[in-house]
Amino acid sequence: MERISISQALIKALEFEGVDVMFGHPGGAILPAYDPLYDSNIRHILARHEQGAGHMAEGYAQATGRVGVCMATSGPGATNLITSLANAYMDSIPIVAITGQVPTTAIGNDAFQEAHTWGITMPTTKHNYLVTNAAEIPDVVHEAFHLASTGRPGPVLIDLPKDILNTEVVWHDPTGVVDLPGYKPTTQGHPLQVKTAIELIQQSERPVLYAGGGIIASGAHAELLKFAELANLPVVTTLMARGAFPDTHPLHLGMPGMHGFYSAITAMQKSDLLIAIGARFDDRVTGDPSHFATGAKVIHVDIDPAEIGKIRKADVPIVGDARTVLGQLLARLTKVLGSDDPPARSGWMETVSGWKSAHPISSYEQEPGGLLKPQYVIEELFKTTGGDAIVVAGVGQHQMWAAQLWKYTKPRTWINSGGAGTMGFAVPAAIGAKMGMPDENVWAIDGDGCFQMTMQEMICAATEGIPVKVLIINNHNLGMVRQWQRLFYNERFSASELTDHTPDYVKLAEAMGCAGFRAETADEVAPVLEKANSINDRPVIVEARVDPDEMVFPMVPAGGSNDVVILSKEDLE
Amino acid sequence: MSNHHLITVLVEDKPGVLARVATMFARRGFNIHSLAVGPAEEPNLSRMTIVVEAPDVEQVTKQLQKLINTLKVVELSGTDAIEREVMLIRVNAEVEKRSSVLDAAAVFKAKPVDVGATTITFEVVGDPQKLADFLELMRPYGVVSLVKSGRIALAREPKARNLRAIG
Ligand SMILES: Cc1ncc(C[n+]2csc(CCOP(=O)(O)OP(=O)(O)O)c2C)c(N)n1
Ligand SMILES: [Mg+2]
C-alpha cells in the first residue's frame with residue numbers, strides 16, 4: 001500500500017472535506033504541510049497577518065455557511081490567530097484552524113517558536129487537538145469539521161508537531177462515523193415543551209419573537225418568517241441576526257440593544273412573552289438584566305443547553321436546532337389552528353407599530369454645504385448598490401450605523417464581529433466573504449481606526465485578485481471611544497483622536513494595488529460610490545471624510561435599564 | 001457551605017481532560033474546592049469528583065457537559081450520596097499524652113500509620129463530617145501536619161436504601 005506523509009494526508013483530508021480555499025501564512029513548523037499544498041487544487045490565500053487569515057476564514061464561513069479553514073505556523077503564527085479564534089468562539093462561527101508545532105521531542109523545552117498553542121487556545125475554541133499519533137490524522141480532520149459545523153458551531157484547532165507532519169502513513173478515507181461519545185447535540189425540541197410553548201404563545205397578549213444569530217447559523221429564516229406570520233408575532237433581530245427576518249416586513253421592529261431601535265427595545269421591555277430563538281440574552285441586548293423585560297415569561301430555544309437559564313430563567317426551555325424546532329412549532333400551531341387561533345392582539349400590534357413610526361432610526365440632517373454625515377454616506381451606499389451587497393462591518397460607530405440604516409432582507413448579507421467586537425475584522429472578513437461568494441458585491445463598511453488595524457490585507461486582496469470594496473467612514477477618530485468620552489468622561493478625549501489627513505487613503509490605496517477614491521462633500525458621495533461599484537478588476541477603497549462629532553443613537557448606556565432610551569443629543573440636555 | 005456543590009463527572013480518559021475542566025472552571029469563575037480523579041469502571045473512562053463553589057450549579061453542570069470529552073455529569077448535592085475522604089494527620093503525642101491520643105483515635109477507627117519520638121500519624125477514612133470531627137478532637141493535642149485527599153463520591157442505589165447501614 002502506498003505510504004504518504006502526514007502533510008500529504010492532511011491536505012488530502014482537507015480535500016476530502018470539500019475545502020476549496022484556505023487562508024494562511026507559512027513558517028518553519030508548518031512548512032511540511034505547505035509543500036503538498038503546492039500541488040493541490042485547494043486555493044491558498046496568503047494573508048499578511050495570521051489574524052487576517054483567521055478573519056478571512058470567518059468571513060468565508062459566515063457568507064457561505066461552510067467551514068472556513070486557516071493555517072499558521074507555531075509560536076507567533078499561532079498566537080496571532082488567537083484573536084480570530086476568540087472571535088469565532090463568541091459568534092459561533094465554524095472554522096478549522098491548523099497550526100504547526102515544534103517537534104514532539106522539543107515540546108516543553110522552550111524550543112524556537114514554541115508556544116503552548118493547545119493550552120492557550122483551550123478557552124477560545126469549541127475543541128482543540130494536539131496530534132501525537134500520526135495515524136489519526138484523517139479522522140482528526142474529519143472530527144474537527146464535524147465539531148466545527150454541527151451543534152452550536154465554533155472554531156476547532158488542530159496543532160501538528162513538525163515530526164508528526166513528516167511521518168508516513170497509509171492513507172485511509174475517514175470512516176464517516178465520528179466516535180465522540182460525549183458529543184451528541186440535541187436537535188429535536190421536546191414535543192411537550194413545544195406544545196406548552198404554543199399554548200403560552202396563544203395566551204400571550206404582548207409577545208415578541210427575539211431572533212438571534214442561531215437563526216442564520218441553522219438556516220431557519222424561511223421557517224421564522226412563516227411562523228411569525230402564522231402566529232402573528234412582532235420580531236426583533238439582534239446584531240448577529242440582521243437579515244434573518246426582512247427589515248421591510250411589517251412585523252419587524254428592528255434591532256434591539258444598546259444602539260437598537262426604540263420600537264424593538266421597548267416592545268421587549270413591555271412584552272408579556274419573549275420567544276428567544278438562537279439568542280443568548282447578551283448584555284448589549286438586555287442592559288441591566290434585573291431590569292430587562294421584567295413582566296415577560298420566556299420561551300428559550302437554543303441548541304446549546306448552557307445558554308438556557310445562563311442569564312435569564314426560561315419558563316419553557318427548549319433545547320434544539322432553531323430550524324428543527326421552528327418546524328415543530330409550525331406543525332403544532334397549524335394543528336391547533338381553527339379551534340384555537342392566535343389572538344388578533346390589535347392593541348399590541350398598533351402600539352408597537354406606533355413606536356416604530358414615531359421613532360425611526362435616522363436622526364441626522366445632511367445640510368447641502370455642511371460637514372458630511374456618516375449616516376448619509378451609508379445610506380447612499382445602500383442606494384447605489386440597490387441594497388444588493390454583502391455588508392461586512394468593523395467595530396465602532398460605523399458598525400452601528402451600518403446595522404441600523406441598511407435594510408437587510410436576506411440572511412448572510414450582514415457580517416460583523418458581534419460578541420467580541422474585534423476591530424480590524426472588516427477588511428479580512430470581507431476578503432473571505434468575497435472568496436466564498438465571488439459573484440456578490442462585497443462591501444466592507446469600516447472605521448478609520450479599524451482599517452488601520454488590518455489594512456495590509458488589502459495588499460493580499462490586490463495581489464490575489466479579490467475585488468472587495470471598502471468604505472472607510474473617516475471621522476479621524478476612534479469615534480465610539482470619543483462618543484463615550486463625550487457622554488461619560490466629561491469630554492476629556494484621551495487617546496481617541498487619529499490624525500486628520502494621515503494617511504492619505506487614496507495614495508495608500510494606490511500603493512497597495514487598489515483603486516482609491518475620496519468623498520468630502522455630500523454631492524461627491526454618490527458619484528464616487530457609483531465609480532467604485534463599476535470596478536471589478538481590483539479592490540477599491542473609498543474614503544469618506546465625515547463629521548467627527550456625530551453620535552450613535554438611540555443609546556442605552558452600558559449596564560443601564562432598557563426603560564431609559566436616549567433617543568438623540570437633545571435628550572441629553 | 002450553601003454554594004458548595006458536589007458533582008461527579010464521567011470523562012474520556014484522554015490527555016488534557018483535567019486541564020480542560022480546570023480551564024473551564026477558571027474561565028467561568030467557578031471555584032474548585034476539592035477535586036479527585038481516577039479511573040472509572042471502564043478502561044477508557046475516568047471519573048472526577050468535584051466540590052465546587054458557584055452560585056448556580058446548573059451552569060456548572062451544563063458547562064461541564066458541553067466539554068466534548070464529557071460523557072455524564074451528576075449533581076449529588078442534596079442527595080444521599082456516599083462520600084469519602086482520606087486524611088493523614090500528624091499530632092503531638094509526647095509520652096505522657098500518648099495513650100490519651102490513641103484512645104481518642106480508636107473511637108474514630110483512625111489507624112496509626114507512623115509513630116515518632118513525639119508524634120503519631122493517623123490515617124482516617126470517612127465522610128467529610130467524620131474527618132472534621134476527628135480534626136476537632138485532635139486539635140488540643142497540637143496538629144503538626146495534615147493532608148487530605150479530594151472527596152470521592154457515588155450516588156447511592158435507590159433500591160439499596162434498606163441496606164444503608166453497610167455503607
Ligand atoms: C481590537 C480592539 N481594540 C479596541 C477596541 C475598543 N474600541 C471599540 S470601538 C473603537 C473605535 C473604533 O474606531 P473606528 O474604527 O475609527 O470606528 P468609529 O467608531 O470611528 O466609527 C475602539 C477603540 C475594540 N473594540 N477592539
Ligand atoms: Mg473612526
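This note goes through a metal site, a pair of domains and a pocket in turn.

1. The model is predicted, so that local features need pLDDT of at least 70 and side-chain atom pairs count only at pLDDT 80 or more, while totals for chains, interfaces and linings use all residues. Residues are numbered from 1 along each chain as its sequence is written.

2. The magnesium ion (ligand 2) is held at 2.0 to 2.2 Å by Asp448(A) through OD, Asn475(A) through OD1 and Asn477(A) through O, where donors are N, O and S atoms within 2.8 Å of the metal (3.2 Å for Na, K and Ca) and sites may look incomplete because water is not among the atoms. Along the chain these donors follow the spacing D-x26-N-x1-N. Asp448(A) belongs to helix 18 (residues 448-454) of chain A, and Asn475(A), 27 residues apart from it, to the loop between strand 17 (469-474) and helix 20 (479-488); helices (H or I, at least four residues) and strands (E, at least two) are DSSP runs. Both Asp448(A) and Asn475(A) are buried, meaning under 20% relative accessible area with a 1.4 Å probe and protein chains only.

3. Chain B comprises domain 1 (4-79) and domain 2 (84-149), with bounds from an automatic or database domain assignment; their centres, taken over C-alpha atoms, are 31 Å apart.

4. Helix 1 of chain B, with 5 residues, gives the most to the lining of the second largest pocket. A pocket is an open set of points on a 1 Å grid over the protein atoms alone, where a 1.4 Å probe fits, with protein on both sides within 12 Å along at least five of seven lines, and lining residues have an atom within 4 Å of a point.

How values were computed:
Chains are lettered from A and ligands numbered from 1 in the order in which they are written. Side-chain values use heavy atoms; hydrogens and water are left out. Buried means under 20% relative accessible area, exposed over 50%, partly exposed in between (1.4 Å probe, protein chains only).
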